[in-house]
Amino acid sequence: MVLSGLNKYGFINTCLKSLVVEKYGEETWEKLRIQAGVQDTFLTFEVYKDEITMQLIDKACKMLDIPPDMVLKQFGEFFFEFCKRSGYDHMLRTLGGNLYEFIENLDALHSYLSLSYQEMNAPSFRVEKNEDGSMHLHYYSDRRGLCHIVPGIIGAAALDFFNTEISMEIVNQTEEEERTGKKEHIVFLVTQKPVFSYKKRNKFSSSPQYIADSGRRIEKQLNKEDIEKNMKKIRDRTSLVSVCPAKKNHWETIRGIVTLGRGKLLRGFDPAYPTTLWIDTKTFCNGLPFHIVFDEELRVKQAGVSIQKIVPGLQTMGIRLDHYFSIVHPEVTFTISSVQKFINSQFVFRTRREMMPESWKQRPMLELRGQMIWMESLQCMLYLCSPLLRTLHELEERQMHIADIAPHDVTRDLILLNQQRLAEMELSNQLERKKEELRILSKHLEEEKKKTEALLYAMLPKHVANQLKEGKRVEAGEFKECTILFSDVVTFTNICAQCEPIQIVLMLNSMYLRFDRLTTVHDVYKVETIGDAYMVVGGVPVPVSTHAERVANFALGIIIAAKEVKNPVSGKPIQIRVGIHTGPVLAGVVGEKMPRYCLFGDTVNIASRMESHGVPSKIHLSPTAYYCLKDKSFEMTERGEIEVKGKGKMHTYFLIRNRTATENEIMGNPIKESDSDHESVQSFHESRIKMIQSSCQQAMQPSSDQDQPPTIAMKYIDGPTETQASYKGRSQERIMDLTGKTHDFESYRRLHDDQQPGSDPYLPNQERIKPAPEEPQNRNVRSNFCNLI
């Protein structure tokens, strides 16, 4: 009913969205919206193309695998409930006392709604009663394919308002040539079932409301029986005293019936008509200033005084009505047969511009709205109408005044009320637009907030970042045991001297992108990068028992990943040194501008020395790191005793491979079938080196996101961390192995406690070990890096 009329407005699309969301969920609506290519929100008073609604319905049928007629019927039922929720409940209930009257007045409802929804293109309804109690409903619409919505809406209204279940079937479907072109004409056979079907009775029979209604029905039935008994008594008394009849006037008879009927009037009513019409022609034309009487040939026989004033040609009786007016609604040809077919509809006439006086042709044309009444005795049609004016502005444009409208005509009040109504609608529309703008801004703000948080979490641990966002002070925390890794590029200073800066940036970016991906695979925390130096830690900021295993696997991964990065000078794969040490640290945030989560303690120094005293493409382990890994599935070799400045002699080791994990597992790549035999990482090295060497002559290309394989995190089984007491004994033993002296556990809280002022703890002892040569500039970078953290 209202559906086709409001189809241009966002109201109908909002209803369709609510149906999908309530019955199938937000995800289904989002998929449907994307497939249909429409926006997520629709403004109530905004005009949209019909194609949007049809596209949504078509995609919904395909997505839900439901026939179109079922989808439209279900939508019709939901649309009725949606209209009730939107404030049209009372308006719909008052259309009629039964289903026939309800349908008969739908066109009047559309006419009223057109005052607010001026762009609506409403359908037309015509209903005919049959002798067997059924009805034929004629549905006319410019939009094809929506006829199955009508049974859903009418059925829901009949059940809700009149406690009647109906069945509707299409008995005829044609296209008629009307004034505006082809119009779809559907004829439904409407059959009404008993007031309370078995299903509905079971649904409500146990409810208190049903019991109360039943009581009222029984009381009503008893009242009818009492009235019938009292009427019988009246007839009996009348027959007994007929010998001496006493005349009673009309109102005395009515008063007696009301008294005997306990204050309730009888439902039967027969109107009384005068034998002569007690009104003269002049009074009739003045009292009804907007009316027209015309015959079957559309010749004007009579017209009201106000309409003669606006259309002077009507003062000439006998002129054809269709010469001066055209029919706007319903969209039918201007013939007496078409008018009789839609006699229950409201008719809207518009004056023809070419027939108006020359001085009036610049004004907007006047529209009249009213009803048609067929006078059988005169074979003429009476058109009782009023000016169709929505606002005071339209009244002024036509140079009319409130005084031109009869005092009894509610059009006076309607213009004033609708003026206020339109102002409220405009305000509501502006608020709705602002609400939508705020929703979009809020959505964008949320997206930007997520980007900001992602950037912040990339720089600081999540719990630390959250504390800083809340304005809290982040206290430094002590970690009893963690594993730290340092890496750097061999001969980095020489590479920088022979390349353009952009080449260095591209090389480091290519390498660090691979390293960063591996931090996700093994869940280790990236602390810092300065120049070619890369630092990660396991067991900080979240303590885990497998911190050494995670860092060891990460180290194996970056050795492999570094071979995929080309030296921009030679075109060969770059080489890196890696150093690992395990021990306690103090961690916290330093500074307010560009705050960083930094690690402090001798463990950092030793880990850096392991890297600086390392060998290209090797993973150098301290004794404590070796002890954490020796009972695990790692293959390690002894390097021997080396001299470490500031630490003395240290017994160090090299990490070779993981015996149980495959290369794909370490690199976080999807596991292939060939990896099912748990082939070790080292077994892949030779084939990879050959592949790299074959492409050494190619120019270095920065990696893109599309080249990166999907990241699969490696699984670790973390047990409870060691207690402080057991850790203390083991820490003392390890400290003795490292320095030859015994330190208590608290001594690790002192930062750089064993360094001498002015000494450089990172300069390797070139006499004891012979790592790859390192330029002074590179040494200074690493020294500054370690001093920073």
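# Burial, backbone and sheets in a predicted model

Trainee: Is Asp 523 buried or exposed?
Mentor: The relative accessible area of Asp 523 is 57%, to be set against a scale on which buried means under 20%, exposed over 50% and partly exposed in between (1.4 Å probe, protein chains only). This is a predicted model, in which local features need pLDDT of at least 70 and side-chain atom pairs count only at pLDDT 80 or more, whereas totals for chains, interfaces and linings use all residues. Residues are numbered from 1 along each chain as its sequence is written, and side-chain values use heavy atoms, with hydrogens and water left out. With its 57%, Asp 523 is therefore exposed.

Trainee: What is the phi of Asp 523?
Mentor: Asp 523 sits in the loop between helix H19 (501-522) and strand E12 (525-530), where helices (H or I, at least four residues) and strands (E, at least two) are DSSP runs numbered from the N terminus. Most residues other than glycine have a negative phi, and most peptide bonds are trans. Asp 523, a residue other than glycine, has a positive phi, near 55°.

Trainee: Where is Gln 379 found?
Mentor: Gln 379, which is not a glycine, also has a positive phi, of about 55°. With a relative accessible area of 30%, Gln 379 counts as partly exposed. It is found in the loop between strand E9 (367-375) and strand E10 (380-387).

Trainee: Which residue does Val 540 join through a cis peptide bond?
Mentor: The bond has an omega of about 0°.

Trainee: How many residues of H20 are buried?
Mentor: The expected span of a helix is 1.5 Å times one less than its number of residues, and for the 16 residues of H20 this gives 22 Å, in agreement with the 22 Å between its end C-alpha atoms. H20 is largely enclosed by the rest of the structure, because its buried residues number 16 of the 16.

Trainee: What covers the buried residues of H4?
Mentor: Helix H4 (residues 50-64) has 15 residues that should span 21 Å, and its end C-alpha atoms are 21 Å apart, which agrees. Its buried residues are Ile 52, Thr 53, Leu 56, Ile 57, Lys 59, Ala 60 and Cys 61, and just after H4, Asp 65 takes a positive phi of about 55°. What covers the buried residues includes helix H2 (10-24), helix H3 (26-36) and helix H5 (68-93).

Trainee: Which residue makes a polar contact with the side chain of Thr 411?
Mentor: Thr 411 lies in helix H16 (residues 411-459) and is buried, with a relative accessible area of 4%. Leaving aside neighbours within four places in sequence, Thr 411 is in contact (heavy atoms within 4.5 Å) with Ser 386, Pro 387 and Ile 405. A polar contact is a pair of N or O atoms within 3.5 Å; within protein, one must be able to donate a hydrogen and the other to accept it, and residues adjacent in sequence count only if both atoms are side-chain atoms. At 2.8 Å, the side chain of Thr 411 makes such a contact with the side chain of Asp 409.

Trainee: Which strands stand at the edges of the open sheet?
Mentor: Six strands form this sheet in the order E6-E5-E10-E9-E8-E7, with antiparallel pairing, and two strands pair if DSSP finds at least two bridges between them. Within the sheet, strand E5 (residues 291-295) pairs with E10 over five bridges, and His 291 has Leu 384 as its bridge partner in E10. Each edge strand has a single partner, so one side of it is left without a neighbour in the sheet; these strands are E6 (300-303) and E7 (325-329).
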